[in-house]
Amino acid sequence: MDKNEIIAILEDIATLMELKGENPFKVRAYRTAARNLENVEEDLESVAEENRLHEIPGIGKAIEEKITTLLQTDQLPFYEDLKNSIPPGLLEILNVPGLGSKKINVLYKKLKITSLDKLKKACEKGKVRKLAGFGEKTEANILDGIAHLEQYSKRTLWWSAMVMVQPIVEKLKKLKQVQEVKIAGSLRRKLETVGDFDILIASSNPEPIMDWFTSQDFVESVIAKGSTKSSIRLNEGIQADIRIVPKEQFGFALLYFTGSKEHSIRLRQIAKDKGYSLNEYALTPLKKKLITETDIYRALGLTYIPPELRENHGEIEAAQTKGLPHLIEESDIRGVFHNHTTASDGHNTLEQMVKGAEELGWEYLGIADHSKSSFQANGLDEESLLEQIDQIKKINRSKKYKTHIFSGTECDILKNGNLDYADEILKQLDYVVVSVHTRFKLDEKEMTKRIIKALENPYTTMLGHMTGRLLLRREPYLLNTEKIIDAAIANGKIIELNANPQRLDMDWRLWHRAKEKGLKCSINPDAHSVEGLEFFRAGVNIARKGWLTKDDVLNAWPLSRVKKYLSQS
DNA sequence: GCCGTTTTCGGCCCGACTGTTTTCAGTCG
């Protein structure tokens with residue numbers, strides 16, 4: 001059993017205990033343990049074998065025993081008993097907004113409600129409103145919640161979310177009562193997908209803003225409306241929360257509503273250790289005026305932590321010792337490598353793509369059309385590829401564009417780990433991206449071996465979209481990421497950060513440790529059109545979440561350094 | 001269930017909004 005499965009079980013235990021009405025602090029202990037386990041980068045089995053599990057924060061005697069049992073036997077009687085003691089339907093009821101463990105317990109005990117379906121019927125018959133602590137409105141809200149559950153429970157890609165929320169922010173900025181507007185929450189932290197939108201406003205006159213916000217065309221329904229906080233549902237089905245505070249509290253509120261929750265909890269603990277209390281309005285009893293987030297971090301003995309890093313993945317410790325990296329920025333990008341043209345499945349010609357890159361001010365652009373096995377993507381046969389190489393040479397020589405073009409390929413990794421072109425072809429290219437496009441269902445061992453073999457090919461430059469995941473659509477294929485990262489480093493290969501908003505692969509959670517081990521990154525938009533080049537911005541967001549600096553990223557290097565690197569690799 | 005240079009017992013982050021109540025519990029972020 002691997003770490004992720006154990007994390008899932010610990011979280012499950014927490015939820016089940018919550019439903020049983022267990023001591024909330026006990027419940028929290030399991031959640032904390034699960035969360036802290038996520039941050040463990042060592043192999044869990046070795047840690048367990050060396051009896052060091054209890055050294056992980058939040059893991060004491062009881063949870064250590066449970067993890068050990070799971071590692072050794074793949075099962076946990078305690079967990080099985082817990083599951084058997086609770087009707088599984090109660091878990092899905094937890095997803096109904098407004099229903100928590102207490103209310104669900106009442107429903108279960110008084111009305112024998114064990115599923116969403118039974119809950120719906122009880123509401124329709126008017127039984128729920130008669131329960132103590134429930135009423136007509138609660139009943140109506142439950143019915144409403146069930147109706148929307150399926151439709152609205154989905155998360156949204158960060159990129160799509162920004163498209164929805166930006167126009168709202170722009171309109172808010174124009175209201176005369178609004179002094180300042182900022183997007184907060186997971187959107188500000190640039191998480192790959194978001195569940196809702198948080199917007200924060202500074203104003204001394206909130207009522208007109210709330211009236212405006214809750215009455216616009218983009219509002220499907222108003223969930224809550226108060227003088228400082230309101231929640232609406234957008235027509236697209238996503239919840240948007242707006243919070244209005246006086247200007248002097250804006251920094252505190254921004255910090256608080258940016259989160260993450262885990263990061264905020266750590267900050268509060270640090271404040272408490274220093275004899276303060278931190279909330280979304282102030283750091284008390286400190287009298288000194290703290291205006292910005294930087295001021296607040298400083299008062300806590302920390303350097304400023306960029307929102308992307310606020311995940312409690314070691315950023316607090318680093319900020320205490322002034323050890324945070326100088327994160328890569330959009331303006332550091334000097335070109336991109338993984339792009340397609342009409343030669344394979346792209347929508348724009350080679351020259352249109354180069355012109356697009358030139359307009360972005362880039363020094364270079366890499367062309368990597370599909371290889372011959374990718375029939376579905378009109379992959380190039382050897383002859384067409386050689387023609388393209390010639391064409392690129394001619395354009396470069398003509399100096400028609402300020403942007404230098406590199407000849408590459410996105411070469412399929414065949415089932416056995418061989419590449420789709422022979423070495424004689426590959427060696428004529430400036431670089432080679434290798435990717436898996438077929439046979440996704442191999443088992444973990446075989447897939448890992450396959451990819452490592454491709455990384456061992458001397459002509460391979462970088463690995464494309466490592467896990468093949470499509471966010472909110474397709475799970476990653478099975479592979480051992482640790483082994484692949486190690487193999488890439490051992491062979492001097494780069495791993496791509498595919499910046500397509502649906503991919504963002506390799507995941508940011510893996511980058512911090514990988515870069516410390518020496519892995520280099522290439523932020524690649526996987527553009528299939530000129531507009532697609534813009535995806536590099538989503539890639540930079542994720543690179544920042546992965547603690548990457550411009551030195552870690554090949555395509556933030558100047559042309560001369562890139563040329564030198566590619567000629568030597 | 002975890003944790004401890006005040007503690008091995010008694011805490012554990014904190015505030016707004018809703019809907020139910022007549023002063024507050026539950027839920028949420």
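This is a predicted model: local features need pLDDT of at least 70, side-chain atom pairs count only at pLDDT 80 or more; totals for chains, interfaces and linings use all residues.
Helices, numbered from the N terminus, are DSSP runs of H or I with at least four residues, and strands are DSSP runs of E with at least two.

Residues are numbered from 1 along each chain as its sequence is written, while chains are lettered from A and ligands numbered from 1 in the order in which they are written.

First, the layout. Chain A is divided into domain 1 (3–84), domain 2 (89–152), domain 3 (156–245), domain 4 (250–320) and domain 5 (330–568). These bounds come from an automatic or database domain assignment.

How far apart are the C-alpha centres of domain 1 and domain 2? They lie 30 Å apart. Four residues of domain 1 touch six residues of domain 2, where contact requires C-beta atoms, placed from the backbone, within 7 Å. On the domain 1 side, the touching residues are one nonpolar, two polar and one charged. For these classes, Ala, Val, Leu, Ile, Met, Phe, Trp, Tyr, Cys and Pro count as nonpolar, Asp, Glu, Lys and Arg as charged, and the others, Gly among them, as polar.

Next, helix α8, residues 116–124. Its buried residues include Leu119, Ala122 and Cys123. Buried is used for a residue with 20 or more other C-beta atoms within 10 Å of its own, exposed for 12 or fewer, and partly exposed for anything in between, with C-beta atoms placed from the backbone. Seen down the axis of α8, the buried residues fall within an arc of 100 degrees, so they line one face of the helix. That arc is taken over the directions from the helix axis to the C-beta atoms. Asp117 and Glu124 are exposed on the face turned away from the buried side. After α8 comes Gly126, with a positive phi near 75 degrees.

Now the sheet. Which strands make up the open sheet, and in what order? There are seven, in the order β10-β11-β12-β13-β14-β15-β16, with parallel pairing; two strands pair if DSSP finds at least two bridges between them. β10 (335–336) and β16 (521–524) stand at the edges with a single partner strand each, so one side of each has no neighbour in the sheet.

Further in, β11 (residues 364–370) pairs with β12 in the parallel sense over seven bridges. Asp369 has Thr409 of β12 as its bridge partner, and Ile367 has Ser407 of β12. Is β12 covered on one face or on both? Both: His404, Phe406, Gly408, Glu410 and Asp412 are buried on one side, and Ile405, Ser407, Thr409 and Cys411 are buried on the other.

On to the nonpolar cores. A nonpolar core here is a set of buried Ala, Val, Leu, Ile, Met, Phe, Trp, Tyr and Cys residues joined through C-beta atoms within 7 Å. The largest has 115 residues, of which Ile199, Leu365, Ile451, Ile495, Cys521, Ile523 and Ala543 touch the most other members. Helix α13 (residues 250–258) gives the most to this core, with seven residues. Leaving aside residues up to four places away in sequence, Ile451 touches Ile413, Val436, Leu463, Leu479 and Ile484. A second, separate core of 30 residues includes Leu16, Ile93, Ile104 and Ile113.

Last, some backbone points. Most residues other than glycine have a negative phi, and most peptide bonds are trans. Gly259 and Ser260 are joined by a cis peptide bond with omega about -5 degrees, and Ser260 sits in the loop between α13 and α14 (261–273). Another cis bond joins Asp505 and Met506, with omega about 25 degrees; Met506 is in the loop between β15 (494–498) and α22 (508–517).

Asp74, not a glycine, has a positive phi of about 65 degrees. It is in the loop between α4 (61–73) and α5 (77–84). Why does Asp74 count as exposed? Because it has 9 other C-beta atoms within 10 Å. Lys399 also has a positive phi, near 55 degrees, and lies in the loop between α18 (382–398) and β12 (404–412). Lys399 is exposed too, with 8 other C-beta atoms within 10 Å.

That is the tour.

Key:
Two residues are in contact if their C-beta atoms, placed from the backbone, lie within 7 Å.
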